[in-house]
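Colleague: Please put the model up, and then we can go through it piece by piece.

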Amino acid sequence: MTRIMTITSGLPGVGKTQLVINIALEQVRCGHQVGVFYARESATPIENLLQVQQPVNMLRRVDDLRERGLLRSGYQGVDIISCGTPLREWPLIEAEHRVLCLKEMDLQDGGYDDFLIDTSGMDARTLLACCKASGVVVLVITPEPQSRAEAFALIRVLHLNGFAGLFRLIVNKVAYPIDAESLYDELVRQVSTRLGLDVPLLGVLPQDESLQRAQRIHQAFTSVFPESAAARGIIEVAEALDRIPVQLFTGPRTLPALWHALIDIIQLPVSLGGDALLDDGIETTQELEPLSEEPLHKQDNETGLLYYEGDLASLASVCLLYTSDAADDLLQV
């Protein structure tokens, strides 16, 4: 069985890619076979961030018309996979070509123990699909007020659209531990009060100059600065993930199942609350999964916690409005 986890935030610049790589490395150090999937359209793809092994084109002939731009590379025991065709376009690929592409992304010798998805650079629909197909969604927040608001928005949308897995939280880039405690308490209080959900804390990573120093030499900070405060934080996160019982991981449990689930989920309508649906130019062909008829918490004079306007191309364009005074605390600096 492969434990599939998505690292996300709904907001760029919170450190998702760094966290994915360093968590994956710590899992490798613990004896796990680990794979990472990322979107090559990201502003800082992994092969630009790290000195990875030379990416290998898995479709061998340059003139092969079936070429979909699949890359597989490695970094200190982590298998890194990407595809030149964005995930949201996978349903549009001819079936024969898609089968070949998916087959090349599968591991032949028993599969991964852990498979991490980095959502950096993904559009809203693809990001949500990766989350829904994962057993665990790890949300990353920082002290920026917008980061917490976007994290809440993402939790809300996933909840509306039938996400059945677990949420976990990482507080990143904090100056003092007490700041992390305050950020976590405020967000968890809102999620619990308004959605009836639990979001346990995986760990806290401080602001640490070792990250910038490692980035300048294109290496992972846990590899070149293993005694740093940030590296200790990664160890705590990896240990906390390992403590999650395998039986609690829902959804796909193999890579082939993951790819096919993503293709199906990407084509589903995305509810934004009330009668609003995500309008991003994708023609949906399947019915939305039925939601519970009984809301967990009654909210007067509301059709939903989130109010969206305009054509959403990413979750960064989501506007979060609260109706209670308590929400002002969440949005304060």
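This is a predicted model: local features need pLDDT of at least 70, side-chain atom pairs count only at pLDDT 80 or more; totals for chains, interfaces and linings use all residues.

Colleague: What is the phi of Lys173 near, and where is Lys173 found?

Modeller: Its phi is near 60°, a positive value in a residue other than glycine, and Lys173 is found in strand β8, residues 166–174. Strands are DSSP runs of E with at least two residues, helices are runs of H or I with at least four, and both are numbered from the N terminus. Most residues other than glycine have a negative phi. His218 likewise has a positive phi, of about 60°; its place is in the loop between α7 (209–216) and α8 (221–224), and it is partly exposed, with a relative accessible area of 33%.

Colleague: Switching to confidence, what is the mean pLDDT, and where does it stay under 50?

Modeller: The chain has a mean pLDDT of 79, with 77% of its residues at 70 or more; pLDDT is the predictor's confidence in each residue, from 0 to 100. It stays under 50 over residues 58–68, for which the model has 17 contacts beyond four places in sequence, and again over residues 287–333, with 92 such contacts, contact meaning heavy atoms within 4.5 Å.

Colleague: How many cavities are there, and what lines the largest one?

Modeller: A search of the whole structure finds 3 cavities of 30 Å³ or more, a cavity being a set of points on a 1 Å grid over the protein atoms alone where a 1.4 Å probe fits but cannot get out, with lining residues having an atom within 4 Å of a point.

Colleague: How many residues of α4 are buried, and what covers them?

Modeller: Helix α4 is mostly covered, with 9 of its 9 residues buried, among them Arg125, Thr126 and Lys132. The cover includes β1 (3–8), β6 (114–118), β7 (136–141), α5 and α10.

Colleague: And which residues touch the most other members of the largest nonpolar core?

Modeller: Those are Phe37, Trp90, Phe115 and Trp259, in a core of 55 residues, where a nonpolar core is a set of buried Ala, Val, Leu, Ile, Met, Phe, Trp, Tyr and Cys residues joined through side-chain atoms within 4.5 Å. The largest share of this core, 8 residues, comes from α10. Apart from it lies another core, of 39 residues, among them Leu25, Ile46, Val136 and Leu241. Leaving aside neighbours within four places in sequence, Trp90 is in contact with residues including Phe37, Arg98, Met105 and Trp259.

Methods. Residues are numbered from 1 along each chain as its sequence is written. Side-chain values use heavy atoms; hydrogens and water are left out. On a 1 Å grid over the protein atoms alone, a cavity is a set of points where a 1.4 Å probe fits but cannot get out, and a pocket is an open set with protein on both sides within 12 Å along at least five of seven lines; lining residues have an atom within 4 Å of a point. Grid points are joined across faces, edges and corners, and a volume is the space filled by probe spheres set on the points. Buried means under 20% relative accessible area, exposed over 50%, partly exposed in between (1.4 Å probe, protein chains only).
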